[in-house]
Amino acid sequence: MTAATPAKSVTPKSATPKPVTSLSADDARRIALRAQGFLGAPDRRAGVRGVLRRLGAVQLDTISVLARSHELIPYARLGAVGRPAVESAYWSGGHSFEYWSHAACILPVEEWPHFAFRRRAMRAKGYRWHLMEDREGSCAAVLDRLKADGPLTTSDLGGGRKGGEWWDWSETKIAVEWLLDTGEVVCTERRGWKRVYDLAERAIPDDLLHDDLDDAECMRRLVAQAGAALGVATRADLADYHRLKNDQVDAVIADSGLVPVEVAGWGRPAWADPAALADAPRGRHRTTLLSPFDSLIWDRPRTARIFDFTHRLEAYVPRAKRIHGYFAMPLLTGGRLAGRVDPAREGSTLIARQVSMRDAKAVRPMAQALAEAARWVGCDTVRIERCDDAKLRAGLVAELSEV
């Protein structure tokens with residue numbers, strides 16, 4: 001890493017321009033990997049909660065193939081953490097809550113005050129995409145039930161869908177989701193994939209239960225947190241992490257604590273966490289399969305820029321038009337994305353329905369990643385169904401017999 005002064009500066013003539021650190025594309029890639037927990041020894045003592053605090057947000061999704069995405073996130077970084085232990089780490093002891101960040105995400109409970117801006121925006125908007133017939137009465141009824149009976153699911157509250165379609169919500173369902181959006185109710189866990197709701201005053205510690213921070217302070221914290229989780233990022237990267245707007249990032253970036261950098265080949269301004277620049281990233285690279293909802297790769301333009309790897313979730317693509325499969329999981333090895341596999345399970349067999357690899361160097365890592373994932377979910381066999389290269393397929397089958 002070398003320091004260089006930009007050719008042009010927007011700093012007033014009376015001020016002294018600060019030198020801007022210049023990074024190679026490989027520097028930026030390694031910084032990003034370390035920031036996300038994939039380079040260097042994993043902090044097993046901090047465990048799943050440590051991963052959550054490091055990332056700042058873990059995305060939830062309904063799809064479950066090997067496991068649900070929020071389980072795959074700590075697995076990818078820590079290895080074979082027991083799945084019950086993952087759920088317990090997230091949801092027990094009041095360490096986290098679910099709210100809207102990059103999408104529906106598990107968030108560290110200490111971040112509650114920093115989402116005040118979003119709760120205020122929800123209140124100002126006045127509705128979600130559903131309208132309530134009797135907002136005041138329906139919300140009061142939900143709050144009374146929670147106060148009397150403790151944490152409840154929508155079904156417990158007597159609500160759900162009116163019809164067969166997912167969007168055809170009952171009045172009770174609309175009310176409790178509105179209360180979640182505006183902060184009177186908190187999702188404290190998922191039970192059978194159903195949200196469990198509780199009163200915010202009961203679920204959030206007293207010292208955190210406030211909306212005192214103004215929007216600018218919320219933005220500063222979330223931009224700084226995104227910068228630390230990404231290591232190095234463009235404005236678009238920082239905005240995407242918690243789904244902020246570009247002008248919201250612009251308004252606070254100078255006061256976020258992040259420092260400007262130039263990354264070779266990026267062609268746009270970038271910022272880095274100062275701690276990420278203090279020491280050259282080094283250590284062991286993790287070999288693993290990644291959920292498509294992993295924060296290392298959830299921003300597809302950033303993934304293409306950093307890893308020269310184009311990825312697309314094809315779960316919602318018609319089967320006939322899929323290229324890599326329903327839930328293709330990229331293979332991370334040696335700090336690079338070297339292939340992908342669309343997995344499934346059949347009894348005690350992990351099935352690789354479709355595999356693609358960049359070259360022969362990816363064969364052994366793919367075998368290792370498949371074998372480790374199989375053991376983690378309780379499978380004792382891996383079966384390869386399709387591979388886009390017959391020679392690589394033969395090598396993969398041979399490697400699987402050895403690992």
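Visitor: What makes the link between the side chains of S101 and H242 a polar contact?

Guide: This is a predicted model, so every value here is computed from it. The side chains of S101 and H242 come to 2.6 Å. The cut-off is a pair of N or O atoms within 3.5 Å, one able to donate a hydrogen and the other to accept it. The pair therefore counts as a polar contact.

Visitor: Where is S101 placed?

Guide: S101 is in the loop between β4 (96-100) and β5 (104-108).

Visitor: Why is S101 called buried?

Guide: Its relative accessible area is 3%. Buried means under 20%, so S101 is buried.

Visitor: Which residues does S101 touch, leaving out those up to four places away in sequence?

Guide: S101 touches A57, L107, F115, R118, Y241, H242 and R243.

Visitor: R243 is on that list. What makes its pairing with D240 a salt bridge?

Guide: The closest N and O atoms of R243 and D240 are 3.3 Å apart. The limit is 4 Å, from a side-chain nitrogen of Lys or Arg to a carboxyl oxygen of Asp or Glu. The pair therefore qualifies as a salt bridge.

Visitor: Why is R243 called partly exposed?

Guide: R243 has a relative accessible area of 45%.

Visitor: How many salt bridges does the structure hold?

Guide: The structure holds 26.

Visitor: What makes R286 and E372 one of these pairs?

Guide: The closest N and O atoms of R286 and E372 are 3.2 Å apart. The limit is 4 Å, so R286 and E372 form a salt bridge. This pair also links distant parts of the chain. R286 sits in the loop between α13 (274-278) and β11 (288-289), and E372 in helix α15 (residues 363-376), 86 residues apart. At 11% relative accessibility, R286 counts as buried.

Visitor: How is the protein chain divided into domains?

Guide: Domain 1 covers 19-287 and domain 2 covers 312-401. Their centres, taken over C-alpha atoms, are 29 Å apart.

Visitor: How do you know that the two domains meet?

Guide: 18 residues of domain 1 are in contact with 22 residues of domain 2. Together the domains bury about 1800 Å², 65% of it on carbon and sulfur atoms. On the domain 1 side, V65, L66 and T287 lose the most area, together 38% of what that side buries.

Visitor: How many salt bridges are there between the domains?

Guide: The count is 2.

Visitor: What makes D26 and R336 a salt bridge?

Guide: The closest N and O atoms of D26 and R336 are 3.5 Å apart. The limit is 4 Å, so the label holds.

Note on methods. Residues are numbered from 1 along each chain as its sequence is written. This is a predicted model: local features need pLDDT of at least 70, side-chain atom pairs count only at pLDDT 80 or more; totals for chains, interfaces and linings use all residues. Side-chain values use heavy atoms; hydrogens and water are left out. Helices (H or I, at least four residues) and strands (E, at least two) are DSSP runs, numbered from the N terminus. Buried means under 20% relative accessible area, exposed over 50%, partly exposed in between (1.4 Å probe, protein chains only). Contact means heavy atoms within 4.5 Å. Domain bounds come from an automatic or database domain assignment. Buried area is the accessible area (1.4 Å probe) that two parts lose on being put together, summed over both.
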